[in-house]
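Dear colleague,

I am passing on the structure below, together with some notes on what I found when I went through it. Please read the notes with the model open beside you.

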Amino acid sequence: ENKMTEPQNLNPAKRYRRQDWPGELYENGSFYFAKRHLIEKGYLQGGKMAYYEMRAEHSVDIDIDIDWPIAEQRVLSFGYFGKEPLKEVKLLVCSIDGCLTNGRIYVTEDHKEMVSYDYRDVVGIDLLKKRGIQVRLIADRDCSKTLSAMQLGCVAKVNVTNKLQVLKDWQEDMGLSWKEVAYLGNEESDVECLKQAGMSGVPADACAASQKAAGYICKSRGGCGAVREFAEHIFLLLEKVNSARKQ
């Protein structure tokens, strides 16, 4: 009908850059409170109305399958630790091969083994220690020489056939509840430990069984910053614990 669309709050000739646009609100439909007579008329809103502004990280619409990864990443980024009272993590147990290292073993002609690790993970371990969190290492094979060369200063148990039993022994010796124990693993031998620990994580390239059992899947691969990333996730929990105490 030869009508033009007229903007109500924007001058197209002098519009903001996207980065400078002050933003706008939209209805996300998370919840409605209404009187019965409105609902019976088929309305969700009417009469005296008020709105509750939700933060962007808490507002995700799941309408189609590709919305799920967005929601998952919001949870991983901003944290959700259940409805039970939060407790500080006091112990992190980390699997060596595939978490602290990338799982590859280089063998020289004279039969010496070499592995590689990421210095960022070493920094992550140091930061955990400074926060008063003990870090202990565990491995299926005997890699004591590798640990000695890395000089991490962590209690370690190698050549382990039952990781869960070792984890239980450490937890009991330290007098901790499971909520105070975190575990980073990557193989099927880590699955039961991941299920038992109060906070659990795996690198991005962990096996399918361990990914299914873990509460957090790192974006980083094993030996490429996964330990540091999981440490940051633990720090997020500590912030929530401290915030809850202040309240």
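Contact here means heavy atoms within 4.5 Å, and helices (H or I, at least four residues) and strands (E, at least two) are DSSP runs, numbered from the N terminus. The model is a predicted one, in which local features need pLDDT of at least 70 and side-chain atom pairs count only at pLDDT 80 or more, while totals for chains, interfaces and linings use all residues. Residues are numbered from 1 along each chain as its sequence is written, and side-chain values use heavy atoms, with hydrogens and water left out.

I begin with helix 6. In helix 6 (residues 163-173), the buried residues (under 20% relative accessible area, with exposed meaning over 50% and partly exposed in between, for a 1.4 Å probe and protein chains only) are Lys 163, Leu 164, Val 166, Leu 167, Trp 170 and Gln 171. Because they cover an arc of only 160° around the axis, taken from the directions from the helix axis to the C-beta atoms, they lie on the same side of helix 6. Their cover includes strand 1, strand 4, strand 5 (155-157), strand 6 and helix 7 (191-196), whereas Glu 172 and Asp 173, on the other side of helix 6, are exposed. Just after helix 6, Gly 175 takes a positive phi of about 65°.

Several of these strands belong to an open sheet of six strands, which has the order 5-4-1-6-7-8 with parallel pairing, where two strands pair if DSSP finds at least two bridges between them. Strand 5 and strand 8 (216-217) are the edge strands, each pairing on one side only. Strand 1 and strand 4 run parallel and are joined by five bridges, and Val 93 has Arg 136 in strand 4 as its bridge partner.

Finally, Ala 204 sits in the loop between strand 7 (199-202) and helix 8 (208-213), and counts as partly exposed because its relative accessibility is 30%.
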